Amino acid sequence: MTDPDPKLPLSGVTVLDLTRLPPGGFCTVLLADLGADVIRVESPKGRLFDGPIGLNRGKRSIALDLRHPRGLEVLGRLAAHADVLVENERPGAMAERGFGYADAAARAPGLVWCSITGYGQDGPYAQWSGHDLSFAAHSGLLTALEPDLPWHPQLILPIPVGALMASVGILAALRERDRTGRGSQLDISLSESATWLLSSADGILDTGPRGVPAGPDRHLYECAEGTWVAVTAAEPRTWAALCTGLGLAELAPTLHRWDDPEAVTGRLAEKFRAARAEDWVAKLGPLGASVVRVNRGTDLAGDPHVAARGLLQNVGGLTVPRSPVRLRDADGERPPAESYPPPPVGQHTRAVLEDAGLSPSEIDELTDCGAVGRPREPASVDGPDGTRAPGQAH
């Protein structure tokens, strides 16, 4: 494994990443940023879907043919030296191949095995394939966000939420393993993870969409030159600060007691159109008015708060977010693990196998028989959707 950074909480933790699609990428990049040695187990034939740099940075790569009998033998040896294995195959597919959770647990009782699927390991939909829109629709999240159909979200919301659930489950399972010595299998459903987001909407599971209503105090207002601000001044203090800052002090005592909310919204809208969003933020933010600019992705680099926090980083010539998990101690903030672009498939094969106890002659033999691949250049990326098998979760 790579040299662990003792300042990072997951230093010394080895993760085998058998996933090829964003759910696994979101999960394991978080673990890598916290210091884990994440090893992507990839096909010697190359990548059908290379994946975003932002999800696959900071990881090592081993080329291993899991459809080759000896490739499965090697995976078993790697699992015996690993702490975590993450996969997003169709339920039962790994066992059918000859190395499922039961096989891994017999060889490595302390292994944490995380299975990420669309609908879970059992139930009538378990074998179904799906994508982000499938899970948003089935979970109730799609209509909770916007009851009027049709609309199509531009962000794959269920995917990162499911990956977060997987990461939390892995950390909990590692904590349990530290106490008991026993590993476990995590059953993470992307659809169920999206349903979990409805926890804050009391009654939505019983009476239909309720949501949070828009009003003068919770509204998107257009500003000069096509810029926008989001106002969430829902408390007396923030509402009073907003009205005073806009020169509408007479409205300060009227929060949630409007006879005509649309007329109040219209008065605020007229004020906001007089200046750009960033000017209003600079004026109203320090007053406590709960106003921020509506940023597009390309705006983030120029956002003063984003810059001050160092949220964005350059990896492989592209700008990607850094880990949102920040750790501090008495000496200040601890940096995340060093990040780097996804390596060519198989770049670290020999080093990883040597760490698992294989001799140079064994590695050469496995390479000659095709169970292990030689390093190669990355495959071209055909598109963001990639190629998938039934039951895999995107």
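Analyst: The dialogue below treats the nonpolar core, helix packing and salt bridges.
Analyst: This is a predicted model, in which local features need pLDDT of at least 70 and side-chain atom pairs count only at pLDDT 80 or more, while totals for chains, interfaces and linings use all residues. Residues are numbered from 1 along each chain as its sequence is written, and side-chain values use heavy atoms, without hydrogens and water.

User: How many residues has the largest nonpolar core?
Analyst: A nonpolar core is a set of buried Ala, Val, Leu, Ile, Met, Phe, Trp, Tyr and Cys residues joined through side-chain atoms within 4.5 Å. Buried means under 20% relative accessible area, exposed over 50%, and partly exposed in between (1.4 Å probe, protein chains only). Here the largest core has 28 residues. Helices (H or I, at least four residues) and strands (E, at least two) are DSSP runs, numbered from the N terminus. Helix H3 gives the most to this core, with five residues.

User: Which residues of H3 meet H16?
Analyst: Contact means heavy atoms within 4.5 Å. Arg70, Val74 and Arg77 in H3 meet Glu362, Glu365, Leu366 and Cys369 in H16.

User: Which residue forms a salt bridge with aspartate 83?
Analyst: A salt bridge is a side-chain nitrogen of Lys or Arg within 4 Å of a carboxyl oxygen of Asp or Glu. Aspartate 83 pairs with arginine 177, their closest N and O atoms being 3.3 Å apart. The two residues are 94 residues apart in the chain.

User: Is aspartate 83 buried or exposed?
Analyst: Aspartate 83 counts as buried because its relative accessibility is 14%. Arginine 177 is also buried, at 17%.
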